[in-house]
Amino acid sequence: EEAALLRLQSLADRAIARFKTPGLRDLGHGGPYMHNGQFTTLDDTVRFYRDAADQARTGALRNGAAQLQGIALTPANVSSLVAFLKSLNEDYE
């Protein structure tokens, strides 16, 4: 059992920082958005998640991640969130 724990610890040590999640900086310069490029703007992307969250809370979204229920954006919040995300853009234009 101790050998198995050591192997797991060794594996965990080697796995640290192997998968790097992209940050939010310059997200506004990064379209199209989503894994398949279906949205051309941040506004559309944020609205998609707001709608998916609403559907998840009402049970209308099949197989939705539980974390979606925690997104509580109003339509008025969308523009504020998009403005914040765009504020993280580098000014290199």
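Is Glu-90 buried, partly exposed or exposed in this predicted model? At 38% relative accessibility, Glu-90 counts as partly exposed. Keep that residue in mind, as it turns up in the second view.

**View 1. The whole protein, seen through its confidence values.** The mean pLDDT of the protein is 87, and 97% of its residues reach 70 or more. Confidence is highest in H2, with a mean of 94, and lowest in H1, with a mean of 81. As a rule of reading, where pLDDT is low, the predicted coordinates should not be taken in detail.

View 2. Start with the charged pair: the side chains of Arg-25 and Glu-90 meet in a salt bridge, 3.7 Å from N to O. Arg-25 sits in the loop between H1 and H2, while Glu-90 belongs to the segment after H3, so this pair ties together parts that are 65 residues apart in sequence. Arg-25 has 54% relative accessibility, so it counts as exposed. Now look at Asp-26, in the loop that runs between helix H1 (2-15) and helix H2 (42-58). The side chain of Asp-26 comes to 2.6 Å from the backbone nitrogen of Glu-90. With 23% relative accessibility, Asp-26 is partly exposed.

**View 3. The largest nonpolar core.** Which residues make up the largest nonpolar core? There are seven in all: Tyr-33, Phe-39, Leu-42, Val-46, Val-78, Val-82 and Leu-85. Two elements give two or more residues to this core, namely H2 and helix H3 (75-87). H3 gives the most, with three residues. For a closer look, pick Leu-85 and skip its neighbours within four places in sequence. Leu-85 is then in contact with Leu-24, Leu-27, Leu-42 and Val-46.

View 4. Thr-45 is part of helix H2. Is Thr-45 buried or exposed? Its relative accessibility is 10%, so Thr-45 counts as buried. Setting aside neighbours within four places in sequence, Thr-45 is in contact with Tyr-33, Met-34 and Phe-39. Tyr-33 and Phe-39 are also among the residues of the largest nonpolar core.

**View 5. An aromatic cluster of Phe-39, Phe-48 and Tyr-49.** These three residues form one aromatic cluster, and the structure holds two aromatic pairs. In Phe-39 and Phe-48, the ring centres are 5.3 Å apart and the planes stand at 45 degrees, so this pair is tilted. The pair of Phe-48 and Tyr-49 is edge-to-face, with 5.3 Å centre to centre and 80 degrees between the planes. Phe-48 is partly exposed at 32% relative accessibility, and Tyr-49 is partly exposed at 34%.

View 6. The side chains of Asp-54 and Arg-57 meet in a salt bridge at 2.6 Å, N to O. Both of these residues lie in helix H2, three residues apart, which is about one turn of the helix. Asp-54 is partly exposed, with a relative accessible area of 31%, and Arg-57 is partly exposed too, at 38% relative accessibility. The side chains of Asp-51 and Arg-50 meet in a salt bridge as well, at 3.4 Å, N to O. Here Asp-51 is partly exposed at 35% relative accessibility, whereas Arg-50 is buried, with a relative accessible area of 13%.

Technical notes. Residues numbered from 1 in each chain as written. Heavy atoms only, no water. Helix = DSSP H or I, 4+ residues; strand = E, 2+ residues; numbered from the N terminus. Buried < 20%, exposed > 50% of the residue type's maximum accessible area, 1.4 Å probe, protein only. Polar contact = N/O pair within 3.5 Å; in protein donor to acceptor, adjacent residues only side chain to side chain. Core = buried A, V, L, I, M, F, W, Y, C linked by side-chain atoms within 4.5 Å. Contact = heavy atoms within 4.5 Å. Salt bridge = Lys/Arg side-chain N within 4 Å of Asp/Glu carboxyl O. Phe/Tyr/Trp six-rings, centres within 6.5 Å; stacked < 30°, edge-to-face > 60°. pLDDT = per-residue confidence, 0-100.
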